[in-house]
Amino acid sequence: MKIVVLDGYTLNPGDLTWKRLEEIGEVTVYDRTSPEEVLSRIGEAEIVFTNKTVLSRETFKQAKNIKYVGVLATGYNVVDVEAAKERNIVVTNIPTYGTNAVSQFTFALLLEMCHHVWAHNEEVKRGAWTNCPDFCFWNYPLIELSGKTMGIIGFGRIGQAVADIAVAFGMKVLAYDTYKNVALESHSIKYAELDDIYRNADVISLHVPLFENTKGMINRDSISKMKKSAMIINTSRGPLINEQDLAQALNSGAIAGAAVDVVSTEPAKMDNSLLSAKNCIVTPHIAWAPIEARERLMNIAIDNLEAFLTGKVENQVK
Ligand code: NAD
């Protein structure tokens with residue numbers, strides 16, 4: 001059985017092994033695959049793994065041997081699932097592998113905005129502390145989170161894990177989700193409407209998936225309702241934010257800061273307005289990527305394939 005991994009590099013840049021997969025079939029792993037190379041690389045393969053390489057209706061029409069597509073990620077928007085279904089091709093994803101990694105990273109971004117750890121470290125090494133007349137100095141406002149309100153938009157697995165950390169920091173949580181599970185409410189965690197979150201949150205963290213109705217939800221209008229001191233974090237999907245509107249709000253001081261791990265087009269273009277916006281941290285889509293999370297992802301991807309091969313499909317997307 002021929003197995004092709006179209007873009008294996010980000011999952012396994014060399015610190016993991018494909019050995020388990022190689023025990024199942026004849027495996028070819030490509031680091032990355034361009035749109036022009038997709039068909040020739042799939043060739044006669046029955047099993048195809050993709051992370052971000054697009055598998056279109058046209059690909060499914062022409063690559064006649066494909067029986068199974070394993071998406072090496074949670075988001076499966078790169079695969080035309082409808083077209084796959086019409087051809088009885090099973091598509092699976094990895095629903096959870098990175099909840100802890102992404103929620104931890106959300107706080108890495110938030111704590112960086114609150115303390116500017118790296119910038120202060122650089123100043124010290126530049127000699128600014130040595131030459132300081134006082135025993136300490138700081139170049140940015142330092143922010144304590146206890147007692148502040150965190151608005152969490154999308155209260156699923158990651159949103160809830162972020163809430164747990166926020167509560168441990170002494171924060172209050174306002175959560176918004178189309179599906180409400182009141183059992184998740186507590187003294188510190190309450191569901192709220194979006195407008196309440198925009199108006200009252202000190203920190204707004206996005207954990208909704210990207211859908212037509214969530215695209216651009218952070219825009220001029222929603223930002224205009226926020227506190228001037230508000231900080232926005234996006235570890236979900238770039239297009240949730242209208243980047244021009246956010247950059248303008250940051251540059252004009254309408255809000256205090258933003259930290260994004262995802263942008264509208266990835267990799268980020270150098271003219272992306274967030275790259276030059278004031279008080280804006282941009283990281284290269286790394287929230288998911290600690291080795292522990294990637295190892296878990298790879299194991300679940302191979303478990304999914306094994307389940308498919310034994311006729312008990314798991315984590316199928318429809
Ligand atoms: P999840 O499915 O557990 O949670 C998503 C929540 O959003 C659900 O509770 C759902 O009811 C809610 N929701 C859906 N549509 C909504 C809407 N229109 N308005 C309000 N709520 C809505 O997913 P998760 O595991 O928590 O992941 C959240 C997102 O994080 C993913 O969609 C993905 O885009 C992103 N993610 C990013 C990285 C990264 O490396 N930066 C890694 C993994 C996941």
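How many nonpolar, polar and charged residues are in the lining of the second largest pocket? By class, that lining has nine nonpolar, three polar and one charged residues; here Ala, Val, Leu, Ile, Met, Phe, Trp, Tyr, Cys and Pro count as nonpolar, Asp, Glu, Lys and Arg as charged, and the others, Gly among them, as polar. The model is predicted, so to speak of local features a pLDDT of at least 70 is needed, side-chain atom pairs count only at pLDDT 80 or more, and totals for chains, interfaces and linings use all residues. Residues are numbered from 1 along each chain as its sequence is written, and side-chain values use heavy atoms, with hydrogens and water left out.

The second largest pocket holds about 290 Å³ of space. Of its 13 lining residues, Met 113, His 116, Tyr 140, Ala 256 and Asn 279 are the closest to the centre. Helix H5 (99-115) and strand E12 (280-282) are the elements that give two or more residues to this lining. A pocket, on a 1 Å grid over the protein atoms alone, is an open set of points where a 1.4 Å probe fits, with protein on both sides within 12 Å along at least five of seven lines, and lining residues have an atom within 4 Å of a point. Grid points are joined across faces, edges and corners, and the volume is the space filled by probe spheres set on them. Helices (H or I, at least four residues) and strands (E, at least two) are DSSP runs, numbered from the N terminus.

Now for the domains. An automatic or database assignment sets the bounds, and the chain is divided into domain 1 (2-97 + 291-309) and domain 2 (99-282). Their centres, taken over C-alpha atoms, are 32 Å apart. Five residues from domain 1 and four from domain 2 make the contact (heavy atoms within 4.5 Å). Between them the domains bury about 360 Å², 49% of it on carbon and sulfur atoms; this is the accessible area (1.4 Å probe) that two parts lose on being put together, summed over both. Pro 95, Thr 96 and Tyr 97 supply 54% of the area that domain 1 buries against domain 2.

One pairs Asp 195 with Arg 199, with the closest N and O atoms 3.8 Å apart. These two are separated by about one helical turn because they sit four residues apart in helix H8 (residues 194-200).

Some backbone details stand out too. Most residues other than glycine have a negative phi, and most peptide bonds are trans. The bond from Glu 266 to Pro 267, though, is cis, with omega near -5°, and Pro 267 lies in the loop between strand E11 (257-260) and E12.

Notes:
A salt bridge is a side-chain nitrogen of Lys or Arg within 4 Å of a carboxyl oxygen of Asp or Glu.
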